[in-house]
Amino acid sequence: MVVVPTHVDQLTPRDLADWATLFAAQPGPANPFLSPTWIVGWYRHYTQEADRQLYLIRHRVTQQLLGVAPFYCQKVGFAGLALARRLLAVGSGTNDLVLELSGVLVDLAYVRDVMRALTAVTLRCGAHWCETTFAPEQGWFEPEWVFETGGEVSFYEQRRSRACVILQLSDSWEQTRKNLKRNVKESIRRSQNRLKRDGRAWATRHLEFDALDVAAVDRLLTLHRARAAAPQAGVHHPDAFTSSKARAFLRTLLPELSRRGAASIFELTLDGQTHASQLALHAPGASYVYASGF
């Protein structure tokens, strides 16, 4: 294995093409947040140029790309005094959790070799400690990865894990619906009945490719904020995009993802006015249900 520290602004067309190929080769359900579009965009919106530490892991002989590990350095201190530097996975370490699933993109045939090589290089990166999420196919940290380097480590703690509900889809909506639980079927039926009783003409529309523009993103953000502000008897869903940085990031990112076939927005209209919006991200073998608003 050869681990190549690479600045995001120095990625070559070959690097980006190899990264896209490795991402597309993931078995489903894949993590949509490990694509070059997400990672490069996040770097440019949330980090200083000098703090970006992206590692490309290639096969020593064939130079095939086997892994992409996106990190950045963050200063830790008190009262303006920097006391330490930590290496964080892209998407973590900020109040904005727009990138929900951090991780390392790995060719599954080489997952343990990649994580071993990555552990060795992060121990020598100059940071006081490193926080990351391992590839889910690996699932755990192996102490010998540290012992064989001659370095020291105090403990390992899994960070930024997120449980996701996965619904297996059939070839048609009718077949998928048959396999749903009874309470889900009832919820769908009641929602359609409420729309009929409302009396206004309603329709759904699917925005993708060039139809998902900045105006569609702004409608999503406005409705997402309205959902957060609405009084609720159950669980409160806060506005995840309160910062201007998060909103600017999504306005830039989502149209680009959509042009690549990696994002869609589904809208519900009443008498031609948009009253609900749902964003979905598309990755190999999966559509990830992301932000919504109504």
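Predicted model: local features only at pLDDT ≥ 70, side-chain atom pairs only at ≥ 80, totals over all residues.
Local features are given where pLDDT is at least 70 and side-chain atom pairs only at pLDDT 80 or more, while totals for chains, interfaces and linings use all residues. Residues are numbered from 1 along each chain as its sequence is written, and side-chain values use heavy atoms, with hydrogens and water left out.

**Figure 1. Overview of the chain.** The chain has eight helices and ten strands; these are DSSP runs numbered from the N terminus (helices: H or I, at least four residues; strands: E, at least two). Along the principal axes, the C-alpha atoms fill a box of roughly 70 × 50 × 35 Å. Of the 294 residues, 44% count as buried (buried is under 20% relative accessible area, exposed over 50%, partly exposed in between; 1.4 Å probe, protein chains only). Among contacts (heavy atoms within 4.5 Å) between residues at least 6 apart in sequence, 63% join residues at least 24 apart.

**Figure 2. Packing of helix H2 against helix H8.** The axes of H2 (residues 36-46) and H8 (residues 244-259) come within 10 Å and cross at roughly 155 degrees. Axes are lines fitted to C-alpha atoms, for helices over the stretch in contact, and angles run from 0 to 180 degrees between N-to-C directions. H2 and H8 are therefore roughly antiparallel (angles under 35 degrees count as roughly parallel, over 145 as roughly antiparallel, 65 to 115 as roughly perpendicular, the rest as oblique). The crossing of H2 and H8 is right-handed, that is, the near helix is turned clockwise from the far one by less than a right angle. On the H2 side the contact residues are Thr37, Trp38, Gly41, Trp42, His45 and Tyr46, and on the H8 side Lys245, Ala246, Ala248, Phe249, Thr252, Leu253, Glu256 and Leu257. The residues of this contact divide into eight nonpolar, four polar and two charged (nonpolar: Ala, Val, Leu, Ile, Met, Phe, Trp, Tyr, Cys and Pro; charged: Asp, Glu, Lys and Arg; polar: the others, Gly among them).

**Figure 3. Packing of helix H7 against helix H8.** H7 (residues 214-229) packs on H8 at an angle of about 135 degrees, with the axes 9 Å apart. The two helices are therefore oblique to each other, and their crossing is right-handed. H7 contributes Val214, Val217, Asp218, Leu220, Leu221 and Arg225 to the contact, and H8 contributes Arg247, Leu250, Arg251, Leu254 and Pro255. Seven of the residues in the contact of H7 with H8 are nonpolar, none polar and four charged.

**Figure 4. Salt bridge between Arg52 and Asp9**. The closest N and O atoms of this pair are 3.3 Å apart; a salt bridge is a side-chain nitrogen of Lys or Arg within 4 Å of a carboxyl oxygen of Asp or Glu. Arg52 is in strand S2 (residues 52-58) and Asp9 in the loop between strand S1 (2-6) and helix H1 (13-24), 43 residues apart. Arg52 counts as buried at 11% relative accessibility, and Asp9 as partly exposed at 38%.

**Figure 5. Salt bridge between Arg205 and Glu267**. The N to O distance is 2.7 Å. Arg205 lies in strand S7 (residues 202-207) and Glu267 in strand S8 (residues 263-270), so the pair ties together parts 62 residues apart in sequence. Glu267 is buried, at 1% relative accessibility, and Arg205 is partly exposed, at 35%.

Figure 6. Arg260 is exposed at 59% relative accessibility, and Glu256 is partly exposed at 27%.
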